[in-house]
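Trainee: I would like to go through this model term by term and check each label against its cut-off.

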Amino acid sequence: MLTEATNVQSELPPLVAQFTSSPRGARLARQLAVRHLEERGYPPASDASCAVALVVAELSANAVLHGRVPGHGFGLRVAVDTAAGLVRVEVSDAASAKRPPVTPPSSAPEGESGRGLLLVDAMAVRWGSAPRHPLGKTMWAEVAIAHPADRQKA
């Protein structure tokens, strides 16, 4: 679902990192996001970690494939707000001219690509994009999570 951006406040510092605009950079972004969630009480096999890993992977892959500008990498920011039950993922690239779609594009069932934003839409409670000044754009998504203590009670 695409809506206006909200400010997710985190009680712990967010993960902020830069990566090369390459498949390896996208893979490292996903791995670092999983480690960041693990440090906050969400094991790699948890629903929260898997959902965030998928969102980071898709947004990072899109930044590499569609937002690559020679000489520029992409940025990742992951903020965990357990009180609000949200993880905000932001992936920034340097491509200002290429605007992402407002809604996930439909994909032919036999197609080999084109499902990334459909997956983000399925995993996130909200997602969208914003211009990044002076250059580029930021794709963001907010993923609902349970508080680590609440998961242990279930």
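Trainee: Leaving aside its neighbours within four places in sequence, which residues is Ser60 in contact with?

Mentor: Ser60 is in contact with Ala26, Ala29, Phe74 and Val91, where contact means heavy atoms within 4.5 Å. Before going on: this is a predicted model, in which local features need pLDDT of at least 70 and side-chain atom pairs count only at pLDDT 80 or more, while totals for chains, interfaces and linings use all residues. Residues are numbered from 1 along each chain as its sequence is written, and side-chain values use heavy atoms, with hydrogens and water left out.

Trainee: Why is Ser60 called buried?

Mentor: Buried means under 20% relative accessible area, exposed over 50% and partly exposed in between, with a 1.4 Å probe and protein chains only. Ser60 has 0% relative accessibility, so Ser60 counts as buried. Ser60 lies in helix α2.

Trainee: What makes a run of residues a helix or a strand, and how many of each does the protein chain have?

Mentor: Helices (H or I, at least four residues) and strands (E, at least two) are DSSP runs, numbered from the N terminus. The protein chain has 4 helices and 5 strands, in the order β-α-α-β-β-α-β-β-α from the N terminus on.

Trainee: Is Ala26 buried or exposed?

Mentor: Ala26, in helix α1, has a relative accessibility of 11% and therefore counts as buried. With neighbours within four places in sequence left aside, Ala26 is in contact with Ser60, Ala61, Val64 and Phe74.

Trainee: Why are α1 and α2 called roughly antiparallel?

Mentor: The axes of α1 (residues 23-39) and α2 (residues 47-66) come within 9 Å and cross at roughly 155 degrees. Axes are lines fitted to C-alpha atoms, for helices over the stretch in contact, and angles run from 0 to 180 degrees between N-to-C directions. Angles under 35 degrees count as roughly parallel, over 145 as roughly antiparallel, 65 to 115 as roughly perpendicular and the rest as oblique. The two helices are therefore roughly antiparallel to each other. Their contact divides into 13 nonpolar, 2 polar and 1 charged residues; Ala, Val, Leu, Ile, Met, Phe, Trp, Tyr, Cys and Pro count as nonpolar, Asp, Glu, Lys and Arg as charged, and the others, Gly among them, as polar.

Trainee: How do you know that α2 and α3 are roughly antiparallel to each other?

Mentor: α2 and helix α3 (residues 116-123) pack at an angle of about 150 degrees, with their axes 9 Å apart. That angle makes them roughly antiparallel too. Among the residues that meet are Leu54 and Leu59 in α2 and Leu117 and Met123 in α3.

Trainee: What joins the side chains of Lys137 and Asp93?

Mentor: A polar contact of 2.9 Å joins them. A polar contact is a pair of N or O atoms within 3.5 Å; within protein, one must be able to donate a hydrogen and the other to accept it, and residues adjacent in sequence count only if both atoms are side-chain atoms. The side chain of Lys137 also reaches the backbone oxygen of Ala95 at 3.0 Å. Lys137 is in strand β5 (residues 137-144).

Trainee: Why is Lys137 called buried?

Mentor: Its relative accessible area is 5%, so Lys137 is buried. Across the protein chain, buried residues make up 42% of the 154 residues.

Trainee: Which residues does a cis peptide bond join?

Mentor: His133 and Pro134, with omega about 10 degrees. Most peptide bonds are trans. Pro134 is in the loop between β4 (126-131) and β5.
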